Amino acid sequence: MKVVVDTNIVFASLRTLHSTTRNRLLSRAEEWYAHLFMFEEIFEHKEDIRRRSQLSDRQTTELLGKILRRLNFFNEELISEEAFIEAYHLCKGIGTDDIPFIALTLELDARLWSRDERLKTHLRAQGFDRFYEEPNG
């Protein structure tokens, strides 16, 4: 299964010492994808990540590297204009930061893994329901 990973999933995988989200990212058989925009978001929130992590700076950096190596990154040029237009309309009124991830989800005919309940509620109201549901345990 192809799954587009929202940046908040990566953040969640770094926040706690024993993270089921991290374990899932590192060990599951799904094909994980992300938009290159994720790097901007990680850099923008790096201090928050360090502050919230229960790991040392070195451990956080090493773990982030492991996680990022599991993701297949897509550049904007590889996503069709149609997917971006549809993503724009789906995200209208909620913000622009999620457009690249939604566009990638549409382009790959994938599922979106996000913990942003506000975004998910908004997308469902627009008829988008292609979410990756985290298995229990």
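By class, the lining of the largest pocket holds six charged, three polar and one nonpolar residue. Here Asp, Glu, Lys and Arg count as charged, Ala, Val, Leu, Ile, Met, Phe, Trp, Tyr, Cys and Pro as nonpolar, and the others, Gly among them, as polar. The model is predicted, and local features need pLDDT of at least 70, side-chain atom pairs count only at pLDDT 80 or more, and totals for chains, interfaces and linings use all residues. Residues are numbered from 1 along each chain as its sequence is written, and side-chain values use heavy atoms, with hydrogens and water left out.

You can find the lining at D6, T7, N8, F11, E41, E44, H45, D97, D98 and D116. The volume of this pocket is about 200 Å³. A pocket, on a 1 Å grid over the protein atoms alone, is an open set of points where a 1.4 Å probe fits, with protein on both sides within 12 Å along at least five of seven lines; lining residues have an atom within 4 Å of a point. Grid points are joined across faces, edges and corners, and the volume is the space filled by probe spheres set on the points. Helix 1 gives the largest share of the lining, three residues, and helix 3 (37-44) also supplies at least two. Helices (H or I, at least four residues) and strands (E, at least two) are DSSP runs, numbered from the N terminus.

## A closer look at D116

Where does D116 sit? Look in the loop between strand 4 and helix 8 (117-125). D116 is partly exposed, with a relative accessible area of 26%; buried means under 20%, exposed over 50%, and partly exposed in between (1.4 Å probe, protein chains only).

Leaving aside neighbours within four places in sequence, D116 is in contact (heavy atoms within 4.5 Å) with N8 and D98. Although D116 and N8 are 108 residues apart along the chain, their C-alpha atoms are separated by 7.4 Å.

## Parallel strands

Strands pair if DSSP finds at least two bridges between them. Strand 1 runs parallel to strand 2, joined by three bridges, and V3 has W32 as its bridge partner in strand 2. Strand 1 also pairs in the parallel sense with strand 4 over three bridges, where V4 stands opposite L112.

Strand 2 is joined to strand 3 (residues 72-74) by three bridges, again running parallel; Y33 is partnered there by N72. Four of the five residues of strand 2 are buried, so this strand is largely enclosed by the rest of the structure.

Which residues of helix 2 (residues 20-27) are buried? They are T21, R22, R24 and L25. Seen down the helix axis, these buried residues fall within an arc of 160 degrees, so they line one face of helix 2; the arc is that of the directions from the axis to the C-beta atoms. They pack against strand 1 (2-5), helix 1 (7-15), strand 2 (31-35), helix 5 (57-70) and strand 4 (111-113).

In helix 7 (residues 99-108), nine of the ten residues are buried, so this helix is largely enclosed by the rest of the structure. Among them are I99, P100, F101 and L108. After helix 7 comes D109, whose phi is positive, near 50 degrees.
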